Protein chains: 2
Amino acid sequence: MEKIAINTKCSSSEVHVGVSWQSIRGLLPEKGVIIITDNNIKRIYGDKFPDFPVISVKPGEVSKKLEVVESLTEQLLDLGIDRTGFILGIGGGVVCDVAGFLASIYMRGIRCAYVSTSLLSQVDASTGGKNGVNIGSTKNLLGCIRQPEFVICDPEMLMTLPEEEYFSGMAELLKTAIIGSEKLFEVIEVNREVLIKRNHDLLSLVISMAVNFKASVVSEDEREDGLRRILNFGHTYGHAFELYKSLRHGYAVAAGMALAADFSFARGHINGVGRDRILNVLKTYKLLRRYDIPDNQIGQLILHDKKKTGDDIYFVFTTGIGKTLIEKIPVSEIVEFYVKNKSVM
Amino acid sequence: MEKIAINTKCSSSEVHVGVSWQSIRGLLPEKGVIIITDNNIKRIYGDKFPDFPVISVKPGEVSKKLEVVESLTEQLLDLGIDRTGFILGIGGGVVCDVAGFLASIYMRGIRCAYVSTSLLSQVDASTGGKNGVNIGSTKNLLGCIRQPEFVICDPEMLMTLPEEEYFSGMAELLKTAIIGSEKLFEVIEVNREVLIKRNHDLLSLVISMAVNFKASVVSEDEREDGLRRILNFGHTYGHAFELYKSLRHGYAVAAGMALAADFSFARGHINGVGRDRILNVLKTYKLLRRYDIPDNQIGQLILHDKKKTGDDIYFVFTTGIGKTLIEKIPVSEIVEFYVKNKSVM
């Protein structure tokens with residue numbers, strides 16, 4: 001078991017990796033706790049939840065809506081939750097995003113924590129304090145950056161994940177390796193069989209490595225004014241794929257990373273060996289699928305990515321496994337690269 | 001002109017009192033600014049607004065809704081506002097609450113500032129960073145605490161306020177005096193004629209005094225875990241009146257302060273002279289009206305006040321002009337005092 005601290009300018013948080021999620025009881029206040037989860041998680045784990053009121057939402061992006069936040073608000077009020085209340089989100093990225101956003105704004109902010117149940121949220125989403133809901137087709141258009149008090153990442157809970165969901169999480173794990181840790185990349189490269197079998201100890205190790213790296217980034221730049229931008233590696237193209245086709249996030253990011261690696265090679269930032277290692281590991285984990293976006297739509301889809309400023313975008317390149325370079329470049333160059341290279345992927 | 005600084009743990013803000021609001025141009029970035037205002041303010045001052053896109057909402061509490069925030073969000077997106085954007089709220093409490101909340105959550109937070117156009121918001125609402133919207137009948141149920149970069153308080157803008165709105169603001173000014181400054185109380189006591197005529201220099205003085213006091217409270221306790229609770233003097237009964245009858249906030253608070261002063265006297269916290277000075281000044285400014293709530297409803301209306309924790313409430317008493325005492329007391333005692341004393345007010 002490892003406890004990883006995140007200390008930002010105004011708050012601190014702790015991610016507990018490799019611990020049983022049922023140890024949560026000892027971390028919660030005695031009263032005023034509300035559990036927010038989704039129907040799938042409730043069906044699988046609900047009978048072992050701590051003894052507090054449970055509000056369950058529909059699984060998936062359909063719940064990342066302002067109407068859901070409003071409905072949860074009314075339910076919290078009916079349950080008598082006041083400013084001393086505590087929201088525990090038990091679920092994947094969607095549940096934690098909605099629960100965290102609600103906790104950030106309910107009565108101008110109440111306490112919260114997560115039990116993170118998907119690989120994607122354990123290695124990425126639940127660390128860093130970003131939360132929010134989608135408005136129309138724009139993801140996370142309304143939200144906050146606010147650290148939960150703690151996050152529990154129990155690899156045991158990953159055993160019940162559907163296969164596509166598990167591999168989707170592997171993509172964000174790979175992203176972390178590519179931008180920050182050649183060692184993590186090697187562990188993932190050489191342990192394919194054991195990781196696909198979801199070995200508990202190896203999962204604990206790679207999740208810890210990913211969270212440690214992300215924690216160091218977020219501690220330095222909570223609001224994504226600089227360093228934190230590297231976490232968007234693969235996301236510029238990835239978000240466009242996600243908008244165009246309803247893909248799981250990890251598959252969209254994987255396709256985006258393949259393009260970003262190739263773009264990095266084309267601009268001379270990474271050598272062919274490095275680029276091929278990235279593409280090969282994506283192939284090995286069956287993440288390399290092709291999604292075609294018509295040439296006349298890619299630009300608009302990329303601009304929908306809200307990290308844009310003006311017509312230039314901070315694009316994250318890799319300069320070798322574990323290393324990045326951010327350049328502010330015109331959207332037109334990103335579009336042009338896609339149009340010229342999508343058929344060779 | 002006075003610049004009053006608010007420095008909290010994580011942010012800083014500046015309130016400019018007595019400056020012309022048209023000096024705002026020099027404080028804004030060159031691009032990416034959106035002005036949010038209401039139809040009344042736009043009609044009166046719109047032709048002198050700086051040259052940026054303007055979004056105007058309906059005046060009054062009807063605009064303090066989540067649907068309005070959602071609609072504004074879509075308009076900001078259509079106008080191409082990204083994370084580098086800047087929201088300038090020009091209006092009273094409602095406009096600043098909605099604009100501030102939107103700025104707190106749009107793309108997880110963008111810059112914002114206010115031009116505060118009502119006496120109520122100049123002396124109270126726009127200082128301190130509280131923002132939010134109502135859900136159903138519960139005021140400010142969703143919101144944030146986040147300091148705007150700056151607030152402009154120009155007494156010249158108060159000349160166009162409807163009389164009831166102006167006096168409503170006087171109530172919050174009096175509240176500040178009662179809880180924090182006997183000197184301010186005396187200025188208000190002896191200058192009735194000049195203040196009713198809205199004398200520019202005297203308004204600058206009293207607004208500065210009120211903002212200085214509030215800034216000192218907020219700098220010490222931004223999140224209302226202790227000291228900031230004193231700002232709720234008169235608000236426990238006041239919010240009940242406001243919920244029961246659609247009153248202007250200041251009139252509800254004035255009635256609440258009269259009861260709180262009397263309650264303070266009944267419990268031996270303030271002497272008769274002090275109590276009478278408070279009641280007299282409320283009378284002088286025509287703020288002392290009676291609003292009857294049926295005995296069987298007052299408890300529920302008070303509990304709707306979200307500052308409650310359990311069945312006890314932090315009630316703010318006065319122990320003399322400029323001094324307070326907070327006691328956590330059962331709601332039943334607050335109800336009992338109202339039932340026994342409302343007819344003698």
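## Where the two chains meet

Let's start at the interface of chain A and chain B, where the rule finds 16 residue pairs in polar contact, both residues having pLDDT 80 or more. A polar contact is a pair of N or O atoms within 3.5 Å; within protein, one must be able to donate a hydrogen and the other to accept it, and residues adjacent in sequence count only if both atoms are side-chain atoms. On the side of chain A that touches chain B, the elements giving two or more residues are helix H2 (66-78), helix H3 (93-105) and strand S8 (138-142) of chain A. H2(A) gives the most to that side, with seven residues. By class, the side of chain A that touches chain B has 13 nonpolar, eleven polar and 14 charged residues. Here Ala, Val, Leu, Ile, Met, Phe, Trp, Tyr, Cys and Pro count as nonpolar, Asp, Glu, Lys and Arg as charged, and the others, Gly among them, as polar. Helices (H or I, at least four residues) and strands (E, at least two) are DSSP runs, numbered from the N terminus.

This is a predicted model: local features need pLDDT of at least 70, side-chain atom pairs count only at pLDDT 80 or more, and totals for chains, interfaces and linings use all residues. Residues are numbered from 1 along each chain as its sequence is written, chains are lettered from A and ligands numbered from 1 in the order in which they are written, and side-chain values use heavy atoms, with hydrogens and water left out.

## How much is shared

The contact (heavy atoms within 4.5 Å) takes 38 residues from chain A and 38 residues from chain B. About 3300 Å² is buried between chain A and chain B, and carbon and sulfur atoms give 57% of this area.

A:Arg83 forms a salt bridge with B:Glu224, with the closest N and O atoms 3.3 Å apart. The rule asks for a side-chain nitrogen of Lys or Arg within 4 Å of a carboxyl oxygen of Asp or Glu.

## How the copies are related

The same surface serves both copies, as 100% of the contact residues of chain A recur in chain B.

## Two loop residues to look at

A:Glu224 lies in the loop between helix H8 (200-220) and helix H9 (235-244) of chain A. A:Glu224 has a positive phi of about 60° although it is not a glycine, and A:Glu224 is buried, with a relative accessible area of 3%. Buried means under 20% relative accessible area, exposed over 50%, and partly exposed in between (1.4 Å probe, protein chains only).

In chain B, the loop between helix H3 (93-105) and strand S6 (111-116) holds B:Arg108. B:Arg108 is not a glycine, yet has a positive phi of about 65°; B:Arg108 is buried, with a relative accessible area of 8%.

## Inside each chain

H9(A) is mostly covered, with eight of its ten residues buried. Among the elements that cover these residues are S8, helix H5 (163-180) and helix H10 (249-266) of chain A.

Over in chain B, B:Leu174 is found in helix H5 (residues 163-180) and is buried, with a relative accessible area of 0%. Leaving aside neighbours within four places in sequence, B:Leu174 is in contact with B:Phe185, B:Ile188, B:Met257, B:Val281, B:Leu282 and B:Leu287.

Key
Buried area is the accessible area (1.4 Å probe) that two parts lose on being put together, summed over both.
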